[in-house]
Amino acid sequence: MTHEPTEIAPLRSPATVAVTAGRPPRVQGGPVNPPVVLSSTYVSAGVPGGELLYARGGTETWEPFEEALATLEGGAHGVVFGSGMAAIAATLGDVPDGGAVVVPRHAYQVTLGYLDDLTRRHGLEVRRVDIADTDQVVTALDGADLLMAESPTNPMLEVADLPAILAAARERGVPTVVDNTFATPLGQRPLELGADVVVHSVTKYLAGHSDVVLGAVVTNDDETAARIRAYRTLHGAIAGPMEVFLALRGLRTLHLRVERAAANAAELASRLAGHAAVAEVRHPSLPSDPGHERAAQQMSSFGAVVGLRPVGGLEAADSVVDAVRLWVPATSLGGVESTLERRRRFTTESTTVPEDLIRLSVGIEDVEDLWADLAQALGSRGA
Ligand SMILES: *Cc1c(COP(=O)(O)O)cnc(C)c1O
């Protein structure tokens, strides 16, 4: 009853890849998409080989997601992890004790926290740089063991000149990792820009529905992929099959969600830029944004995270977050729903992030409804 899968031309647009990648073979009566399989152990084959054995090492639910994400990133290998932090930790696994890592001073705060932990336990030297300042990054790369880049940065939305800094790292033999969580592979493909490894918090846009915590690593290098997989098996920060099933289901609509969220974000950023109660807006779509030119060169979508500083400082920022009704005051980002938070409410956030910076994660709701709610929240403080 089976027939050969219909031969399809090499996969084309990212939208088509998002919908089709990782599908099971076309079998009559079989499922269209990969089913979730809950099993910790597998019946042994007569001859040991590459078969599934035990679910910490691999499951049939991981593979289709890994394949789909790797294809979207233009990479040969995807490796899913139990969280974005687990994926980031795995990419740092080869840095020697006492080694040096170059990182944006405004990287994701838990990435910075983990690096500080490695400093305490393993003497790691952390070189925090302004990732938008190419000369500063290149200088810091001398004698470094890894560049852990982020662009745009979380939460400051600084844009690195990725082709330039990745090339400089390559010339100096420094391996590179790019955290592509904010841009998603539909907005930016770091492997094509020269990165060795891409990491994701799958929790955010890729899964997209604020219901799972997951991470992933993508690379073209066979040896790196093997090391990262071995690290995952040894350290055990694995993903549950149910979460990965949900992530692939979310990935199927990534192109629609990113397109709508980014369009909403650009529209809101431009309206906010003209609002009397707004002191500063950051979004790479704004022609006035310091990262605009670079982002236009290296990104195909400006993303859907916006930085906002209202007139009136910290108190004004808190009252805006307090006054919204449609927007949800919450941390995290990349879900279908619009959320916002003042980042410095976390005492662990970098002190060079302004106290009054509100990070908006723009969702896929109607843009007029989102604007009306933001405008009333800004207006509620008597601006
Ligand atoms: C959320 C986030 C992470 C961490 O991912 P988790 O899935 O929460 O572990 C890493 N990098 C960036 C840019 C993030 O936004």
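In this predicted model, helix α2 (residues 62-73) packs against helix α8 (residues 241-251) at an angle of about 35 degrees, and the two axes lie 9 Å apart. The residues that form this contact are ten nonpolar, no polar and no charged. Elsewhere, strand β4 (residues 146-150) has five of its five residues buried, so the rest of the structure largely encloses it.

**Helix pair α2 and α8**
- The crossing of α2 and α8 is left-handed.
- From α2, the contact uses Trp62, Pro64, Phe65, Ala68, Leu69 and Leu72.
- From α8, Val244, Ala247, Leu248 and Leu251 meet those α2 residues.

**Burial of strand β4**
- In a regular strand, side chains alternate between the two faces of the sheet.
- One side of β4 carries Leu146, Met148 and Glu150, and the other carries Leu147 and Ala149.
- Both faces are covered, with these residues all buried.
- Glu150, a charged residue by type, is among the buried residues of β4.

**Strand partners of β4**
- Strand β2 (residues 100-104) pairs with β4 in the parallel sense over two bridges.
- Within that pairing, Val102 has Leu147 of β4 as its bridge partner.
- Strand β5 (residues 176-179) also runs parallel to β4, and four bridges join them.

- Helix α6 (residues 162-171) forms a β-α-β unit together with β4 and β5.
- This unit is right-handed.

Definitions and conventions
Residues are numbered from 1 along each chain as its sequence is written. This is a predicted model: local features need pLDDT of at least 70, side-chain atom pairs count only at pLDDT 80 or more; totals for chains, interfaces and linings use all residues. Side-chain values use heavy atoms; hydrogens and water are left out. Buried means under 20% relative accessible area, exposed over 50%, partly exposed in between (1.4 Å probe, protein chains only). Two strands pair if DSSP finds at least two bridges between them. A crossover is right-handed if, with the strands pointing away from the viewer, the path from the first strand over the helix to the second runs clockwise. Axes are lines fitted to C-alpha atoms, for helices over the stretch in contact, and angles run from 0 to 180 degrees between N-to-C directions. A crossing is left-handed if the near helix is turned anticlockwise from the far one by less than a right angle, and right-handed if clockwise. Contact means heavy atoms within 4.5 Å.
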